[in-house]
Amino acid sequence: MKDSMMTEAGGRVGAVTAAVARQVRELRAARGWSFEELAGRSGVSKGMLVQIEGGRTNPSIGTLCRVADAFGVNIAQLLEPAEENTVRVTSADEAPVLWRGEHGGAARLLSGIGEPDMVELWDWRMRPGEALHSPDHPPGTREILHVLDGALTVTVDGVDHAVRAGETVEFHADRQHGYRTVGDRPVRLMMVTITPSGEWDRRTRSREPRPS
């Protein structure tokens, strides 16, 4: 049973890696960008981008965010092609795990939409002692966190904010921020991330409209 679960988990990771490789390759080709151009816009090294397109690495959530921002899409679009005029129902178990904590925590990207702004819905489960530091997102990005269980400290611009079960925190995420658990209880939270549409160029700190 344990071996079959490991095989299933490995298969899911492989599927995510392959989907990201395909989408990054197609998005880059559609824009006529070289690896150097995408590296400059995203702040991700050329070598890492080559690895991603070749399906030879499972990129971190931070790397996925930077690449998605450069293309003006959300992470969900990097994982699979957008489907229009459809109704889709999925279970949480089908959602890809894009972050794993050192003590067993995990974050799943449940869904994402790209119009008119980019919106992502996340299910986060953090074990005691786990934390995540997130770099600044593109200007105008906001995050909304609702804590279902446990207690969390959210740090924004170096200021700590205590958020307990049943409470919601909303903040501008276009600045340094992070989250860490409090006490010895696991934390579960739902997160919504909203980012204005458009390609974000980290070299010039400017946003351009996405290609139609």
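Visitor: Which side chains meet in a salt bridge at 3.0 Å, N to O?

Guide: Side chains of opposite charge can pair when their charged atoms come close. A salt bridge is counted when a side-chain nitrogen of Lys or Arg lies within 4 Å of a carboxyl oxygen of Asp or Glu. Here, Glu 37 and Arg 203 form such a pair. The model is predicted: local features need pLDDT of at least 70, side-chain atom pairs count only at pLDDT 80 or more, and totals for chains, interfaces and linings use all residues. Residues are numbered from 1 along each chain as its sequence is written, and side-chain values use heavy atoms, with hydrogens and water left out.

Visitor: Where do Glu 37 and Arg 203 lie?

Guide: Helices (H or I, at least four residues) and strands (E, at least two) are DSSP runs, numbered from the N terminus. Glu 37 belongs to helix H2 (residues 35-42) and Arg 203 to the loop between strand E11 (199-201) and strand E12 (206-208), so the pair ties together parts 166 residues apart in sequence. Both residues also belong to a salt-bridge network with Arg 31, Arg 41, Glu 199, Asp 201 and Glu 208.

Visitor: Is Arg 28, which pairs with Glu 53, buried or exposed?

Guide: Buried means under 20% relative accessible area, exposed over 50%, and partly exposed in between (1.4 Å probe, protein chains only). Arg 28 is buried at 15%, and Glu 53 is buried at 9%. Their closest N and O atoms are 2.5 Å apart.

Visitor: How many salt bridges does a search of the whole structure find?

Guide: The search finds 16.
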